[in-house]
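Subject: Structure handover

Hello,

Here is the structure we talked about handing over. Please open it alongside this email and follow the residues as you read.

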Amino acid sequence: MRRDFLELRSSLRSIHNWILLLGATFGIGVYLPTLFTRGAGVQIGGIPQPILSLLAIGLAVRQLKHQRNRNEPEIEDQWLGSGLVLGGLALFYSYYPAIAPQFFSCVVILVGGVLSDQGWKFLRRYWVAIALLSASLHPNWERIARHLWAVFVPSDALAEWMAWGGSWVLKAIGQPITRQEEFLILPAGSVEVASGCDGFSMSLVVAISAVMIGLAFRVRGWAIAQLIAIGIGMAVILNVFRIAVMVLAAVYWGKESFEFWHGTIGGQIFSGILFTLYHYAIQPILDPKKS
């Protein structure tokens, strides 16, 4: 009886291995060229997304290193994981070549593969690492974040908030400015705060950095939440001042000056200021004794 059970378990293991191979080859393997080509030119707050994706993968690998489950996973976990892999493959090719279904399918395949090979306890314990690997499979994090933001807040609301803040800064330095929604109007001209200047990208990249810094320093979840809140708050405030500078450049200083502050170099200057201030602001959280 025991011999029959071992033979059955061995045969199930073989089927399970073939399913994992199918998922890795015909799912994630087919998707990787699309991931690389679509994500190669994407930048978030001036930082290329491939760099952020590699950092996420590195943190995940560090958490998973030497943590392989040495025990055989439960048969139920193997079959459930194998079912997720096959379901992910079916979804992948049903909606191919749409990017969003491909990404979602690869996440399902990844989770199913880990569940099938390592078991539910491993998946539950190292869910943060699996989440980092899953996030690295999407070629444009900002697009996903903006879609989620639009679910709860009107898409142009952040631009209007930035225009409102920028108008107060300009009024504080004596400028006769008026605001109409996302437009800032001066006697010499007007400037529109478009979606690309609403501070969303800067806030997103500092939030992503906060998560990675928290994981790298192995701080608790509440501390990571503090890192994110501080980063987003500083990014929003600094972007208000950036809006004021760009309005002055567009109206008074000429086109070349506006292009400078609106372009890559000006953006990198503000990003450098932001991350310098952020570095000092989070020291009490990362190292309370030293601070």
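Below is what was found, grouped by topic.

Please keep in mind that this is a predicted model.

Aromatic pairs

Phe92 has 0% relative accessibility and is buried. Tyr96 has a relative accessible area of 42%, so Tyr96 is partly exposed.

Another pair is formed by Trp149 and Phe200. The geometry is edge-to-face, with 6.2 Å between centres and 65° between planes. Edge-to-face applies because the angle is over 60 degrees. What does this pair tie together? Trp149 belongs to helix H7 (residues 141-152) and Phe200 to helix H9 (residues 200-216), so the contact ties together parts that are 51 residues apart in sequence. Trp149 is partly exposed, at 28% relative accessibility. Phe200 is buried, at 10%.

Ring pairs also build a cluster from Phe92, Tyr93 and Tyr96. One charge sits over a ring as well: Lys171 lies over the face of Trp168, 5.4 Å from the ring centre.

The cis bond

Tyr96 comes up again in the backbone. The peptide bond between Tyr96 and Pro97 is cis, with omega at about 10°. Pro97 is placed in the loop between helix H3 (75-94) and helix H4 (99-118).

Arg218

Look next at the loop between H9 and H10, where Arg218 is found. The phi angle of Arg218 is near 55°. That is a positive value in a residue other than glycine. Is Arg218 buried or exposed? Arg218 is exposed, with 63% relative accessibility.

Helices H10 and H11

How do H10 and H11 run relative to each other? The axes of helix H10 (residues 221-253) and helix H11 (residues 255-262) cross at roughly 160° and come within 7 Å. Angles over 145 degrees count as roughly antiparallel, and H10 and H11 are therefore roughly antiparallel to each other. Their crossing is left-handed. From H10, the contact uses Arg242, Val245, Met246, Ala249, Ala250 and Trp253. From H11, the contact uses Ser257, Phe258, Trp261 and His262.

Ser53 is in helix H2 (residues 49-64). Ser53 is buried, because its relative accessibility is 10% and the cut-off for buried is under 20%. Leaving aside neighbours within four places in sequence, Ser53 contacts Ser136 and Trp141.

Ile28 is in helix H1 (residues 2-39). Which residues does Ile28 touch, not counting those up to four places away in sequence? They are Gly23, Cys106, Ile109 and Leu110. Ile28 and Trp161 are 40 Å apart in space, C-alpha to C-alpha, and 133 residues apart in sequence.

- Tyr96 and Pro97, for the cis peptide bond.
- Trp149 and Phe200, for the edge-to-face pair.
- Lys171, for its place over the face of Trp168.
- Arg218, for the positive phi.
- H10 and H11, for the left-handed crossing.

Best wishes

Notes
Residues are numbered from 1 along each chain as its sequence is written. This is a predicted model: local features need pLDDT of at least 70, side-chain atom pairs count only at pLDDT 80 or more; totals for chains, interfaces and linings use all residues. Side-chain values use heavy atoms; hydrogens and water are left out. Buried means under 20% relative accessible area, exposed over 50%, partly exposed in between (1.4 Å probe, protein chains only). Rings of Phe, Tyr and Trp (its six-membered ring) pair if their centres lie within 6.5 Å; planes under 30 degrees apart count as stacked, over 60 as edge-to-face and the rest as tilted. Helices (H or I, at least four residues) and strands (E, at least two) are DSSP runs, numbered from the N terminus. A charge sits over a ring if NZ of Lys or CZ of Arg is within 6 Å of the ring centre and within 35 degrees of the ring normal. Axes are lines fitted to C-alpha atoms, for helices over the stretch in contact, and angles run from 0 to 180 degrees between N-to-C directions. Angles under 35 degrees count as roughly parallel, over 145 as roughly antiparallel, 65 to 115 as roughly perpendicular and the rest as oblique. A crossing is left-handed if the near helix is turned anticlockwise from the far one by less than a right angle, and right-handed if clockwise. Contact means heavy atoms within 4.5 Å.
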